[in-house]
Amino acid sequence: MAYTPDKPKLPESSDELRARIPGWGADLDPKDRPSVPQEIFDPGFSGAHWEFPERQPERWPRERSIEHKFLTPVFGTSCPPRGLSGAIRRFSYARFSEGRAAHWLLLLAADRVDSLESRLRPPLTPTGTRSELSHHGLRSRLGRNRADAGHHLLDPVVVAAPWIIGAGLAYAVVRRITR
Amino acid sequence: MRAMVYRGPYRIRIEEKDRPVVEHPNDAIVRVTRAAICGSDLHLYHGMMPDTRVGMTFGHEFVGVVDEVGPSVQRLKPGDRVMVPFNIFCGTCFFCARGLYSNCHNVNPNATAVGGIYGYSHTSGGYDGGQAEFVRVPFADVGPSLIPDWLDEDDAVLLTDALATGYFGAQLGGIVEGDVVVVFGAGPVGLYAARSAWLMGAGRVIVIDHLDYRLEKARSFAYAETYNFTEYDDIVVHMKKITDHLGADVAIDAVGAEADGNLLQHVTAAKLKLQGGSPVALNWAIDSVRKGGTVSVMGAYGPMFSAVKFGDAVNKGLTLRMNQCPVKRQWPRLFEHVRNGYLKPSEIVTHRIPLEHIAEGYHIFSAKLDGCIKPLIVV
């Protein structure tokens with residue numbers, strides 16, 4: 001077909017699709033779609049009985065984005081920052097906005113430090129790789145033409161990296177001391 | 001209580017943790033009965049999301065029974081069976097007042113660009129999630145809903161994110177009757193988005209993935225035409241060929257941060273964490289959609305930059321639409337669709353895994369073993 005004004009013909013008409021597919025066209029009218037338009041000003045819809053919520057007690061200095069005017073009235077209390085990773089996280093929140101790559105790169109670095117710190121606390125953690133034996137690890141991959149099978153080999157490297165880096169650092173320290 | 005706990009990339013285990021307590025007058029404590037692992041949980045599991053702390057409990061798809069309520073809670077009482085949207089939201093801030101519940105400004109001190117999400121790193125507010133026996137649910141009068149008597153618990157847990165997100169993704173596509181819709185990704189959200197596109201009057205729905213068993217599900221569950229991108233030298237060219245070289249009217253990215261199809265993109269994003277996400281599916285969506293078309297992004301990406309082909313989007317005059325789904329807004333209409341039999345959420349569930357074996361569950365889902373599409377966690 002040449003490039004013309006017409007919309008290419010569809011393989012099935014609307015009537016055929018309505019007959020074949022349960023519910024076809026049930027939301028054809030945008031008015032029936034709950035997020036059309038995406039913004040609808042209706043402050044009463046949520047059922048909230050406050051204009052500004054009561055404030056949750058702050059039990060330790062809660063890190064927050066410097067793009068916020070104040071600590072939000074409600075926040076999560078999982079895993080307060082601790083150790084070196086906590087110090088990096090606090091610095092990242094205190095110094096850099098969300099718009100700065102440094103903010104996210106420091107937080108990612110803190111995650112790696114946190115992971116290393118946790119390795120110092122036994123015991124070993126399962127990786128779920130036993131399921132390779134119980135849930136057809138080979139059969140799920142071989143002959144399947146999967147795009148992800150190649151880089152699965154990198155996963156153990158990601159898991160082992162903190163061990164390797166830690167061992168390298170320890171070796172360097174010991175070598176420096178014994179010289 | 002027993003809870004899934006993150007110990008570092010690819011490493012999780014079940015630990016005994018303190019039962020959560022009421023920390024705000026409008027909190028509820030919910031005893032979880034059913035949870036799910038979401039594809040976006042894998043980004044945390046793989047260490048991609050900044051500020052994912054060792055010790056955190058993941059899980060933003062869960063249902064359960066109210067165990068305790070704070071003093072200001074009026075709409076729930078202990079013993080109520082509830083489904084909880086993955087968004088934590090106050091209901092009254094500037095954004096909530098406009099229905100943007102996923103963008104609430106009062107629940108996430110760690111970031112202004114993200115709302116609050118259960119068990120989704122400190123970047124999403126630092127809340128523990130529902131892959132545990134108990135979970136703290138803030139703003140209990142606003143977020144949770146009672147599970148209707150007629151709604152199966154497995155269907156209910158899928159309404160807390162995956163189904164609502166897929167349905168929302170189709171809405172953002174602005175589909176009109178007869179539109180050609182291409183969905184990248186045949187995971188749970190992609191399958192639901194493809195199925196929802198028909199409800200909005202699509203004339204043709206195409207699903208792209210590299211896993212044959214998921215494409216088979218796309219054909220049987222979502223009535224979609226499917227293509228395995230590994231069988232084509234260039235999936236974008238193929239998309240043009242099958243749309244008279246115009247492109248689809250609407251493209252939906254239902255893959256997100258760990259997209260395959262370009263090893264460099266995948267490794268720099270998912271393994272080396274140098275990008276917020278691997279934008280392979282997003283770039284294919286941009287290149288596959290017609291000029292003037294719409295790209296709806298439902299895939300989750302991290303807050304860092306990603307190598308997106310923005311120039312193509314500009315030159316083609318595309319409309320790019322995206323957001324985390326404001327789940328609760330979707331429920332009244334989705335209840336009707338489930339009740340009418342138009343959507344059958346639990347048809348895509350492939351695995352039911354006890355909480356004790358959640359480490360295996362994550363590995364099976366992550367490595368796509370055993371035909372896994374959607375694993376539920378039985379608590």
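Into which domains is chain B divided? Domain 1 (2–161 + 326–378) and domain 2 (167–322), with bounds that come from an automatic or database domain assignment. Some notes on this predicted model follow.

1. Ground rules. This is a predicted model, where local features need pLDDT of at least 70, side-chain atom pairs count only at pLDDT 80 or more, and totals for chains, interfaces and linings use all residues. Residues are numbered from 1 along each chain as its sequence is written, while chains are lettered from A and ligands numbered from 1 in the order in which they are written.

2. Chain B overall. Chain B has 11 helices and 17 strands; these are DSSP runs, helices being H or I with at least four residues and strands E with at least two, numbered from the N terminus. The radius of gyration of chain B is 20 Å, close to the 21 Å from the globule rule for 379 residues, so chain B is as compact as a globular protein of that length. (That radius is taken over C-alpha atoms, and the rule is 2.2 Å times the number of residues to the power 0.38.) Its C-alpha trace spans about 60 × 45 × 40 Å along the principal axes.

3. Burial and contacts in chain B. Of the 379 residues of chain B, 67% count as buried. Buried here asks for 20 or more other C-beta atoms within 10 Å of the residue's own; exposed is 12 or fewer, partly exposed is in between, and C-beta atoms are placed from the backbone. Among contacts in chain B with a separation of 6 or more, 71% join residues 24 or more positions apart, a contact being two C-beta atoms, placed from the backbone, within 7 Å.

4. Chain A is another story. Chain A has 5 helices and 0 strands, running α-α-α-α-α from the N terminus on. Its radius of gyration is 27 Å, well over the 16 Å that the globule rule gives for 179 residues, so chain A is more spread out than a compact globule. The C-alpha trace of chain A spans about 85 × 60 × 40 Å along its principal axes. Of its 179 residues, 23% count as buried, and residues 24 or more positions apart supply 39% of the chain A contacts with a separation of 6 or more.

5. Where the chains meet. Here 89 residues of chain B are in contact with 80 residues of chain A. On the chain B side, the elements giving two or more residues include strands S1 (2–8) and S2 (11–16), plus helices H3 (162–172), H4 (188–199) and H10 (327–339). By class, that side has 37 nonpolar, 30 polar and 22 charged residues. (Nonpolar covers Ala, Val, Leu, Ile, Met, Phe, Trp, Tyr, Cys and Pro; charged covers Asp, Glu, Lys and Arg; the others, Gly among them, are polar.)

6. The C-alpha centres of the two domains of chain B lie 25 Å apart. Their contact takes 21 residues from domain 1 and 21 residues from domain 2. On the domain 1 side, helix H1 (41–45) and H10 of chain B are the elements that give two or more residues, and H10(B) gives the most, with 3 residues.

7. The core. The largest nonpolar core has 142 residues, of which B:Val181, B:Phe184 and B:Val205 touch the most other members. A core is a set of buried Ala, Val, Leu, Ile, Met, Phe, Trp, Tyr and Cys residues joined through C-beta atoms within 7 Å. H4(B) supplies the largest share, 8 residues, and at least three residues come from each of domain 1 and domain 2 of chain B. Leaving aside neighbours within four places in sequence, B:Val205 is in contact with residues including B:Val181, B:Ala194, B:Trp198 and B:Tyr223. A second, separate core of 7 residues includes A:Ile88, A:Trp104, A:Leu106 and A:Leu108.

8. H3(B) is mostly covered, with 11 of its 11 residues buried; among them are B:Tyr167 and B:Phe168. Just after H3(B), B:Gly174 takes a positive phi of about 60°. Helix H8 (residues 280–288) of chain B has 9 of its 9 residues buried, including B:Trp284 and B:Asp287. Its cover includes strand S10 (180–184), helix H6 (235–241) and strand S14 (289–297) of chain B.
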